[in-house]
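User: Please take me through this model by setting each value against the rule behind it.

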Amino acid sequence: MAEEINKEELKQKIIEYLQKKPWQVRDLAKILRVKKKELDKIVQELINEGKAAYWSSGSTTYITTPEKLKEMEEKRSGV
Amino acid sequence: MPVVDGVELPETPLLDELEKGPWPSFVKEIKRAAVESEKAMKAGKKIKLPGAAKGLLKVLELSYKDKRTHWKHGGIVAVYGYGGGVIGRYCDLEDKIPEVWHFHTMRINMPAGWFYSTKALRAICDAWEKWGSGLTNLHGSTGDIILLGTRTEHLQPMANALAYLDKLYGSPAPFDIGGSGSDLRTPSACMGPALCEFACYDTLEACYQFTIRYQDELHRPMWPYKFKIKCSGCPNDCVASKARSDFAIIGTWKDEIQIDQEAVKEYAKAGVDIEKQVVKKCPTGAISWDGNELKIDNKNCIRCMHCINVLPKALKPGKERGATILIGGKAPFVDGAIIGWVAVPFIPADELIDKCCEILEAIWDWWDENGKFRERVGELIWRVGMSEFLKVIGQKADVRMVYAPRNNPFIFWRELQD
Amino acid sequence: MVAQKVEKEPEEELEPKTDFGPPHYSIMLHPIIKNNYGKWKYHEVVRPGVIKRVAESGDVLYVVRFGSPRLLSVYTIRDICDIADKYSDGYLRFTSRNNVEFFLTDPDKIEPLIQEVQEKLGFPCGGTWDATKGEYGLTNIVHTQGWVHCHTPATDASGIVKAVMDELYDYFTDHKLPALCRISLACCANMCGAVHASDIAMVGVHRKVPKIDDDAVRRTCEIPSTVAACPTGALKPDMKRKTVILDKDKCMYCGNCYTMCPGMPIFDPENDGVAILVAGKLSDARYPPQLSKVVVPWLPNNPPRWPEVVQTVKKILETWATHAEKYERIAEWIHRIGWERFFELTGLEFTEKLIEDYHRTPYLYTTFRTSAAFRW
C-alpha cells in the first residue's frame, strides 16, 4: 500500500491531518494505512523541512504543524 | 523591601521560614541567584533574563500563600532537530510577574555516574548565567542536569552554548540535550568501577554506549511512551534501577563468592560479630562460621550482597561476572507501581553491551508496533503475556524469572488450536 | 539617526549541532580514579561522611560526602568548584541522592575541607553508613519540583524536604540508625521521582477531580487530544458545547488532562495534601525488593513547614530506629513484628482508605521475581 502512494502526496495528506489537531504518529499510520516505521521517517523529513513540529506533554509527544504549535502555545501561555 | 548587597528583594515572609534550620536552604539559593545575577549585570555581564530568580521568589511566595501551583504546562520543544529535552512552562501570573511568564526547563545529559571536572561545571554555569535563570537542579529524577527557567527565544542559543561549550566557555567537552516525552530517557549509571569494588560490570561504559548508540531514540520521541535504562553494578542497586527503569541492568555473578579467610578473622578480632551480623542475617542460611573459617554454600547463595556489604575486605563477588536484566519497572500510573522482574537471568560481562543492544532493539520494535498510547513496556507484557515477550527477546522460560509457578491451570494452548 | 546594529551573540550565529551525546565520563574522572578504574580492593568508613577507598595498587582516596538542597544557583556551584579545585584536584561527583562528593588523597585535609564547606556552603558532611559496624546514617531525600516548577503538584517538594531534613539533621551527620532508610518525596502520584519503593515516601495527592472551566476549555484547549490524554477513559467530548464531560467515578486525579488543557485545573488548596508510604526497598540484601505501602492516606498542606508531615515522618523513623534490630530496614522490621504492631507502635490510625481497592494491577504480577536474587 505504502509504495503505491506517492510520497509527496502522502506528505500533503499528513500535513492536512496535522492541521486539524496534534497527532500521535501511530494513530496517523493506522488512518493512512502506512507502516508506522515508514511514517516515522516521513514525519521526520517534514520536521526537518520545517513543515511539522513536535508538541510535548512532557511525558508523551505529539506531532503538529509549526503554525498550530504557535497557536497552541499562545493560547495556553495567555492569562 | 529587604535589600541585600544593594539589590532589592521581594517580601517573602513564608519562604523566609525555610531559611531557618540547619539543613541547606533552597530559598537561600533562589535569593542568592536573585542578588548575584543583578550584581553581575550591574558589573557589565550579559544576563539575558534579568530578574528571573526574583520573579521565582514572588511566584513561590504566592504558592505558599495560596497552597497551589502557579505553573501551566507548555508543549514547546524549540531546539533544532530535537523532539525532547525541553519542558515548556508558563506562569499564570503573566501580568503580575512577567519576569517568569516563560520559564521553560532544559534537561542536559549528564556524564555517566555524575562525575565532573570543575572546568565543565563552571562552563555550564557561565552559559546558564547568561541565557537562563541561573538556577539548576543537580540533578533531576532521571539523572539529567536540570536548568530551571528560560524564555522560548533563549532555548536555541542555550542549546548552542552547550553544543559549543568547549569552544565558547572552555569546557573539556560540549554537552548535549537529554530526553523527555515518548522517547528513550537519559540513561543513568551508578559510580560502578570508577569507585566501587562491588561493580560486576562497567556501568559507566555501558551507560555511555547506550546513550551514544541511541541518540536518535533519545532525541526523537516516536514511541508509545517513555523508556528508561539504568545501570547498577551490583544487586545493592544504588541507582534504584529495579523500580525506576523499564530496563534495569543489575550486576551479579554466577560462581562462588571469593573469600579471604585471614581478613574474615581480622574483622572478627576487630569486634564484628560474624555469627550475629553475617551468618544469622543470610536469607538462605548458606553461611557458617566456626570462629576460624567462614564457609559459604554457594549452591544455596542468592547473591543478595549482605555478607559482602558487611565484610568488604574479606568477601568479593565471584569471578564469573555479568548482569541480570529486569524488565518493566515504573511509577504507578496507569496500572499501578511496578518493580521490574527478571527477563534475562544472566548475561556475561564481556557480551553485555552488545547483547543488551540486541534485546533493546527487539523490545522497541515490538513495543512500538503493539503498545497502546501511554502504555509502558511492562504493562504491555501484562496485557499480552510473558510467553509473547520471551519470543520477542529470544529467551527460553527460566524458573529464575518467577518467585513461583502460576497459581491456576487456565493455560492457553494456542499452538494446539486450528 | 543611524540605525543601531544589533550585535548578535556567538550562540545566535552558530549552526546548531545535534546527536553528539554527553561527554565521555573518562575526561571527568580524578586521576586516581582513572588510574584505578575497576581495580578497587575495599573500602572502610573513616567517620560519618568520609569513605576511604583503597585500590589494588595501594592508592588511597578519601571520598567526602555533603548534603545539598538539590536546587542550586550557578553561584553556589562555582563555590563548590572553588572548593573542588582547592581540595580535590578539580574533580567532584554528585550522588544519585543529590549529595556532592569531593576526592582527597591527604587525610589531613579532611577536617579543613569539612570546615570550609560548612562555612562557605553550609552543607553538612554525612549521608553515609558503616555496614561493617551495622551503623547507618540517613541520606538525602530525593524529590521532585513541586511548586517551584511543576504544573500538576499536589504539594511543594523542596519546602517539605527542607523542613523534614532540618528535623532529622542529626541522623544525616551521624550513624545512629540500625539500617538503611531511604526517604523520598514526589509532589504528585505521577511520581516523576519514582518513590514507590522507598523506606519512607511522601507523595502529594489530589483528592478532587479537575474543575472544568468550559469557557477556558473553549478558549485554550484542543478537545480530541485532551480526551485522549485521560488514561482511564473518564473524559468524553461534548461536541455541542465544545467542551469535555468528566466521569468522576473513573478519574484518578492524575492531572494528565490539565497538562493537555489549561482549562481544567486539578489543584485544590484545601483538599490537596500528602500521603505517607513506608516499607519499600530495592536492594536485594537479605529481603527481596518491596513496593511501599500507604500508611497515612492524607495530611494537609500546611506551608511553610508542614508540621503534620514532618512529625509523622519523624515518628515513623524514630519508632523504627528504636525497635528494629541491626540491618533491619523498615520492611524487614514490619515483616518480623507484623503490621498490627506497626500501627500500634507508631500510633497511626488504620482506616478503610488503607485497604487496596485499585483493581488494575494484575494478579499475575505477584508471582514475577522482582529481584536479581536467585540460585544457580
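User: What makes chain C and chain B count as being in contact, and how many residues take part?

Analyst: Contact means heavy atoms within 4.5 Å, and by that rule 139 residues of chain C are in contact with 155 residues of chain B. This is a predicted model, in which local features need pLDDT of at least 70 and side-chain atom pairs count only at pLDDT 80 or more, while totals for chains, interfaces and linings use all residues. Residues are numbered from 1 along each chain as its sequence is written, chains are lettered from A and ligands numbered from 1 in the order in which they are written, and side-chain values use heavy atoms, with hydrogens and water left out.

User: What is the area buried between chain C and chain B?

Analyst: Buried area is the accessible area (1.4 Å probe) that two parts lose on being put together, summed over both; here that is about 13,600 Å², and carbon and sulfur atoms give 61% of it.

User: Why is the meeting of K281(B) and E325(C) called a salt bridge?

Analyst: The term requires a side-chain nitrogen of Lys or Arg within 4 Å of a carboxyl oxygen of Asp or Glu, and the side chains of K281(B) and E325(C) meet at 4.0 Å, N to O, so the pair is listed as a salt bridge. Between chain C and chain B the count is 16 salt bridges. On the side of chain C that touches chain B, helix α3 (residues 74–87) of chain C gives the most, with 10 residues.

User: Why is strand β3 of chain C described as largely enclosed?

Analyst: Buried means under 20% relative accessible area (1.4 Å probe, protein chains only), and 7 of the 8 residues of β3(C), residues 60–67, are buried, so the strand is largely enclosed by the rest of the structure.

User: How do you know that β3(C) is paired with strand β2 of chain C?

Analyst: Two strands pair if DSSP finds at least two bridges between them, and 5 bridges join β2(C), residues 50–55, to β3(C) in the antiparallel sense. Within this pairing, K52(C) has Y62(C) as its bridge partner. The two strands form a hairpin with 4 residues between them, and G58(C) in the turn has a positive phi of about 100°. A further 6 bridges join β3(C) to strand β6 (residues 99–104) of chain C, again antiparallel, with V64(C) opposite F102(C).

User: What makes β9 and β17 of chain B edge strands?

Analyst: In the open sheet of order β9-β10-β11-β16-β17, β9(B) and β17(B) each have a single partner strand, so one side of each is left without a neighbour in the sheet.

Note on methods: Buried means under 20% relative accessible area, exposed over 50%, partly exposed in between (1.4 Å probe, protein chains only).
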